[in-house]
Amino acid sequence: MKKRIITAILSILMFVLMVPETVYAEVPYKTYTVDGYGYVTETQTAYTPLGSITKAGDISFQNPVDMMIAEDGLIYIADSLAGVILVCDLDGEYVRTIGEGILTNPTGVYVTENNFVYVADKGAKKVVVFDENGEVSAEYGKPDSIIYGDKLDFKPMKIAVNKSGSMYIICEGNTNGIVQISPVDGGSFLGYFGTNYTSLNPFQILQRMILTDAQRARMLSNIPSTPTNLTIDDDGLIYTVTQGDGLHSLKKLNIAGNNLIEPDTSDELPAAVATGNYENIFVASNDGYIYEYNSDGELLFVFGGRDDGRYRIGLCSKVEAVDVDVNDHLYVLDSEKKQIHIFEPTEFTNLLHQALYLYSKGRYTESKEPLTQVLSMNSLFDYANKAMGRAYLQEENYTEALKYAKLAKDYDGYSDSFWEVRNVWIRKNVVTAAIVIIAVVLAIKLVQYFLAKKKWGKKESGALKQFFNTIFMQRIRYGGYFMKHPIDGCYGVRREGKASYLCANLMLAAYILLTIITKYFSGFLFKNVREGRYDLISDIGTVLIVFFALTACNYLVVTINDGEGRLKELYCAYAYSLMPYIMIQPFLIIISNVLTDNEQFLIQFGNTFIKTWMVILLFLSMKEINNYTVKETIKIILLTAFTVLIAALLVFILYVLFSQVSDFVITLGREAVYRIGS
């Protein structure tokens, strides 16, 4: 029996060991993307750490500060402390050394298609060019040109070279832009390229207006930032990254120096930039975060991070360079850890890259297959939904394009698709719609005829007329009169008893209801809230707090400034001032569901018209109810705004104090329970 049991156990173990099992290595970071609403959200792992290179053969890196993977598949590493360019293969096997005894402090390296190596030697203040044999081919020092600037030094930090041999050089301390040098005549200065711009905030503008020349001279100069790094693609487009430049930190510059992209998100400390095999763009930050964008600057992934001292592969301490090989492996140079991190794309990323390539080449139908696989892995990956929608749009399958554009929150794609869907619907139903309109008009005429001639519904009509003549309905209808004749309307509120808290509250409730409907049920192109997300308590509370706070503060101000209006009159007049919104907004909500981006000016004009009308009504209400002049009314408005600010500050202080007291009481209670229990 024992032998049988042992044999059975061994058989089970052998069967378990023979079953294939997929093992996934845990990555030391998370991967994020940006959804259609602009929020950063976690997604599948895009790249996994594959390994690292810490030396070229037996030669350890001393201070690697730049790196490039050349057309020959070799890695060229600028080691500033060793004063050489180390060359190794993708596995870290040593190939050769360039510039030994020639270079002083190389900080940038670029390799052309014919294996000419351009080195930015900051220490020697020149650019040194080596041929394919490692021999010095040319040297370029400070440009001999007045345009360059006599007082500016020439300390090349990073370099890129186009196919004609023109060099784009980032120089330390030169804020005029990228130095462009042609190899013609031993180095001709072509000018500055891709200069960053500065901006002044309103306070700085005011300072410059009121300060003297001597005072302005003592102020810190508002000079543009110097680019941090650059690269160039096969089409000759220059990519630069600049630290502290916000959303403009990444630029894609054409031959004229114009920026072609504006990323939807960026890092404050970008250190390096590279282009991939699918017109995608990689940006690596100093802290080790790696951003991947498509050719239009839309973020695909962000991953990586700063090492916490455990020296894990994939987490960096100080990034200096980034590049991509032909197999889409990502290489990130970390100068502080003196190693190159290697990242491998996952299946999810490979499929997305394949779709990107097919789509960029106009092969939209073919791109749908990898996109379908991407969406099967993550149906909420908005960029894949967007690309799928654009593919269907190119195929003129507008219904499917509309569905995917809505999923991706792709407003441009949705607008284009909806335009076509609407056109198709109009062509198919224009005759039917015309017949229905004619039938409705005829039906209305017939009903009017029988009501007038045959005296049908006389009893019901009389009851309805009696209902509309009640005091309640007269005050409700008075809102329409008030919005058209505000001065007479204010007189009615103040002198003729047209004011009613009930009617005013109903108008305020109607206003709140319409704001909620506008927020959640306007057309897809005209709302900015997440689908399926509702926050009704906050929506209602915001309107009530603002309305009551403004009314109460205004009443306090007019009371001490000889205003003749009572609280009830002011409250009702301000509620009646909401009538333009109540009367016009329903039409805007309806038409917002049938308009595209090309007609959005209709909604914008309607909203501007409503707001202007409401402001005029509020101004006249304040003036007429309190019997103020125009000048006095403006004064009261400013005092009301100041009072609201003080009240808000007081509420904030009380809230902070209450929070501190409640935290103290809770802590005291916990301490008492702990001591009693012990």
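Begin with the cysteines: the structure, a predicted model, holds 0 disulfides. A disulfide is a covalent bond between the sulfur atoms of two cysteines.

Select Cys572 and Cys503 together. Cys572 is in no disulfide, and its nearest cysteine sulfur, that of Cys503, is 8.0 Å away. The cut-off for a disulfide is a sulfur pair within 2.5 Å. Cys572 has a relative accessible area of 0%, so it is buried. Move to Cys88, which is also buried, at 0% relative accessible area.

Now turn to the rings. The structure holds 31 aromatic pairs. Select Phe189 and Tyr192: the ring centres are 5.3 Å apart and the planes meet at 75°, so this pair is edge-to-face. The cut-off for that class is an angle over 60 degrees. The limit for buried is under 20%.

Next, select Phe547 and Phe548. Their ring centres lie 6.1 Å apart with the planes at 65°, so this pair too is edge-to-face. Phe547 has a relative accessibility of 12% and counts as buried; Phe548, at 39%, is partly exposed.

For the last stop, select Tyr29, Tyr47, Phe282, Phe303 and Phe343 in one go. Ring pairs link these residues into a cluster. To inspect any ring pair in the viewer, note that it is described by the distance of the centres and the angle of the planes.

Note on methods:
Residues are numbered from 1 along each chain as its sequence is written. This is a predicted model: local features need pLDDT of at least 70, side-chain atom pairs count only at pLDDT 80 or more; totals for chains, interfaces and linings use all residues. Side-chain values use heavy atoms; hydrogens and water are left out. Rings of Phe, Tyr and Trp (its six-membered ring) pair if their centres lie within 6.5 Å; planes under 30 degrees apart count as stacked, over 60 as edge-to-face and the rest as tilted. Buried means under 20% relative accessible area, exposed over 50%, partly exposed in between (1.4 Å probe, protein chains only).
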